[in-house]
Amino acid sequence: LPQALLAFVRDWLHFRKLANRFPGPSLGPTIARLFDSGFVRDPMNLLKWVMDDVMYRYPAGQVMLGPLRFIVLSEVNDLKSFLTNSKNQSKPKLMVDFGFYCLGRGLITINGSEWDYHHKILEPTFHRSLLKEYVKVFDQNSDVFIEKLSEHANDCAFDVKLLTETLEFDIVVETLFGVPSNQQTNPEKELFEYILKGQTELSHRVRCLWFFIEGIYKISSARRTALKYLNIGRSLQDTFVQQRKELLRARAESLWQKGNFKDENSQEATNDATREADADPNKKQFSTFIDALLQENERSISYQSVLDEMLTFLMAGFDTTSITLQFALYFLAKNPLVQEKALGELQNIFGSAGSTEVTPDTLQRMQYVEMIVKETLRMHPPVFFYSRKAGVDTPLVSSDLVVPAGATVIISPRTVHMDPKLYPDPHVFDPERFSPENSAKRHPFAFIPFAMGMRACLGRKFAMLSLKAVISKIIWNFRILPDETYEPELLWGLSMVTSNGMRIKLLKR
Ligand code: HEM
C-alpha cells in the first residue's frame, strides 16, 4: 500500500507540474466569472466564456473550475496529437458520465475494448454500398419535406425548425432502423417528444456547473428526470426492434410463399426472391445497422446495448443534421448569390437528368452544394466542442508545453473554424473557401466539424449525402429569403441549437 500511495503522489505531482505550465485565466477572474450576473442568470454563459473568450486568448491553455481542470487546445498544429494519436482516444470520465444519462452505453460514451467491439460491428453499416441504398430514403423524405415547405411558400416568415427535425428523424429511423417513420406526415407525438426532452435534460446538466460534480448530480431530481427519459427512450427503441422483426418475418414469409406457390405472377415472384438472395455481392458482406446489431445480440451484445446504440445513433444523427440544415437555410437566405450559383449547378445536374430524383451519381456531381454544407459546418459546427483523455504525456508542436497523461482535453471546432489565420474574414459566409483548390491549400486539421481520427463521426458521409439531397431540392424549388426581424439566439448545450427557432421566408421558383 505505501508503494501504491507513493506512486499516486509521484504521478499527481508530475501531472501538476506539467499542467501548471499551461496559461489560463487565474482563479480570481474565473471565480468572478462564475458569480457575475451573466452566469447566475444563465449558467450556459460559462461555456460561452470558455469557448469564445478563453480559447481565443489561450490557443493552448487551461481552465480551472474548482477541482476540475480542463486543457483547452485550439492551435491547429497541436490538434493532430490528440485527434490521431491512438493513445489519446478515450473519452474522459466526466463526459462519459454526462452522456450516459441521455444515451446509455453507446458508441459515443464507451471506451476501450467495448468501443473496439461495437465499432467493428457498426462501422461497416456505413459502408459506401449501403449508403447508396440509403440515398433512396433521403430522396423520398426530402420530397415530403418540399411538400411541407410548399405550404409556407408565400413570402411570410415562418419557423422551419420543427419541420427540419421531423425530416431528419424520419431519415435516421428509416435508414438505420429499417422501419417506416412518417413523423413528417403523421406525427407520433410520444416518441419524438421524449427524444427531444431527453436531449434537453442532458444539455441542462452541461449548463449547470454544480452538476459537473457526480456526487451532487446523483442526488438531484435532474438525474431522476434524465434517467426517466433514458428508460422511456430505451422502451421506444424496443418498439422499433419489434417492428423490424415483424417486417423481416413478413418479408421472409412472402418470399417463401412466392417461391413455393407458382401462379400467374410466378416469374415476378422468382425474380424477387432471386434478387433478394443474389443481391449485389458487396451487399452480402454488410448488414444494415439494425440487422447487424440484432445478429450480434444473438451472439455477444446484450439487448440493452442494442437499444442504447439505437438511441445513440438517433440522437447523434437527427439533431446534428437538422441544426446544420437550419443554419444552411439561414445563411442561404442572407446570400442570394450563393443560391443562384447553386441553382446553376443544379440546372446542369437535374436538367440533364430530366428529374429531381437524387441518386448517388447526382449527389457526387453536386460540388457547389457540398461547399455550401461545409461552409455552414465551418460557421456553425453543431457539436461545438468535444473532449479526449490524454492517455500518455503528449508534447505539443506549437510550444514546449506537454499535456500530462490523465488530462481532460477540450477541442472546439468553433474556435478553430473562426481563426482568421485559417479563414480570413471568418464571419463572412463564403462557400468558395471549400473549392478543391482552396481546400488543398489549408491545414488538414483546419476543418474539424466531425472530429478526426479513430473517434471521428461515424455518420459523416451519411450526414453530407443527406444534407446535399435535401438542400439541393430546396434550392431547386424555392428562393429562400431572410426574415429581417430575426437573429438566431444560440443555446449552449451539448450541441449548439437556437432558443428562438429558425425563421425564414420562401418563394416558389
Ligand atoms: C452534420 C452532422 C454531424 C456532425 C457535425 C457530427 C459531429 C460529430 C462529432 C464532432 C463527433 C465526435 C464526438 C466526440 O468525439 O465526442 C461525432 C461522433 C459520432 N457521430 Fe456524428 N455528427 C453528425 C452526424 C451524424 C450522423 C448522421 C450520425 C449517424 C447516423 C452520427 C453518428 C455519430 C457516432 C456514432 C459518433 C461516435 C463515434 C465514436 O466515438 O466512435 N453523426 N459526430
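How many helices and strands does the protein have? The protein has 22 helices and eleven strands. The model shown in these views is predicted.

**Figure 1. Overview of the predicted protein and the confidence given to it.** The protein has 509 residues, and buried residues make up 40% of them. Of the contacts between residues at least 6 apart in sequence, 74% join residues at least 24 apart. The mean pLDDT of the protein is 86, and 88% of the residues reach 70 or more. For the complex, the predictor gives an ipTM of 0.99 and a pTM of 0.90.

**Figure 2. The elements with the lowest and the highest mean pLDDT.** Helix H13, residues 266-277, has the lowest mean pLDDT among the elements of the protein, with a value of 44. Helix H19, residues 367-379, has the highest, with a value of 98. The pLDDT is below 50 over residues 263-284. Beyond near neighbours in sequence, this stretch has 13 contacts in the model. Where pLDDT is low, predicted coordinates should not be read in detail.

**Figure 3. The shell of residues around the ligand.** There are 24 residues around the ligand, and those that come nearest are Gly317, Thr320, Tyr386, Cys457 and Gly459. By residue type, the shell divides into 16 nonpolar, seven polar and one charged. Which helices each supply at least two residues of this shell? They are helix H16, which spans 303-334, and helix H22, which spans 460-477. The largest share of the shell, seven residues, comes from H16.

**Figure 4. An open sheet of four strands.** The strands of this sheet follow the order S1-S2-S7-S4, and the pairing is mixed. Strand S1 (60-65) and strand S4 (386-389) stand at the edges; each has a single partner strand, so one side of each is left without a neighbour in the sheet. From one strand to the next, the twist averages 30°. In general, the strands of a sheet pair through backbone hydrogen bonds, either parallel or antiparallel.

Figure 5. Strand S7 covers residues 408-411, and four bridges join S4 to S7 in an antiparallel run. Within this pair, Tyr386 has Ile411 of S7 as its bridge partner, and Arg388 stands opposite Val409 in S7. Tyr386 is also one of the residues that come nearest to the ligand. Strand S2, residues 68-73, is likewise joined to S7 by four bridges, and these two strands run parallel. Here the bridge partner of Phe70 is Thr408 in S7. Are the residues Thr408, Val409, Ile410 and Ile411 of S7 buried or exposed? All are buried, with Thr408 and Ile410 pointing one way from S7 and Val409 and Ile411 pointing the other way.

Figure 6. Three strands lie in the order S3-S11-S8, and their pairing is antiparallel. S3 and S8 stand at the edges with a single partner strand each, so one side of each is left without a neighbour in the sheet. H16 packs on this sheet and touches S8 and S11. The direction of H16 makes about 85° with that of S8. H16 is also the helix that supplies seven residues to the shell around the ligand.

**Figure 7. The bridges that strand S11 makes on either hand.** Strand S3, residues 158-159, is joined to S11 by two bridges, and the two strands run antiparallel. In this pair Phe158 stands opposite Ile504 of S11. Strand S8, residues 478-482, is joined to S11 by five bridges, also in an antiparallel run. In this second pair Leu481 stands opposite Lys505 of S11.

**Figure 8. Ser499 and its surroundings.** Ser499 is found in the loop between strand S10 (496-498) and strand S11 (503-508). Why does Ser499 count as exposed? It has 10 C-beta neighbours inside 10 Å, and a residue is exposed if there are 12 or fewer. Leaving aside neighbours within four places in sequence, Ser499 is in contact with Glu489 and Leu491. Ser499 and Arg299 are 200 residues apart in sequence, and their C-alpha atoms are 44 Å apart in space.

Conventions: Residues numbered from 1 in each chain as written. Predicted model: local features only at pLDDT ≥ 70, side-chain atom pairs only at ≥ 80, totals over all residues. Near = placed C-beta within 6 Å. Nonpolar A, V, L, I, M, F, W, Y, C, P; charged D, E, K, R; others polar. pLDDT = per-residue confidence, 0-100. Contact = placed C-beta atoms within 7 Å. Pairing = 2+ DSSP bridges. Axes fitted to C-alpha atoms, helices over the stretch in contact; angles between N-to-C directions. Buried ≥ 20, exposed ≤ 12 C-beta atoms within 10 Å, placed from the backbone.
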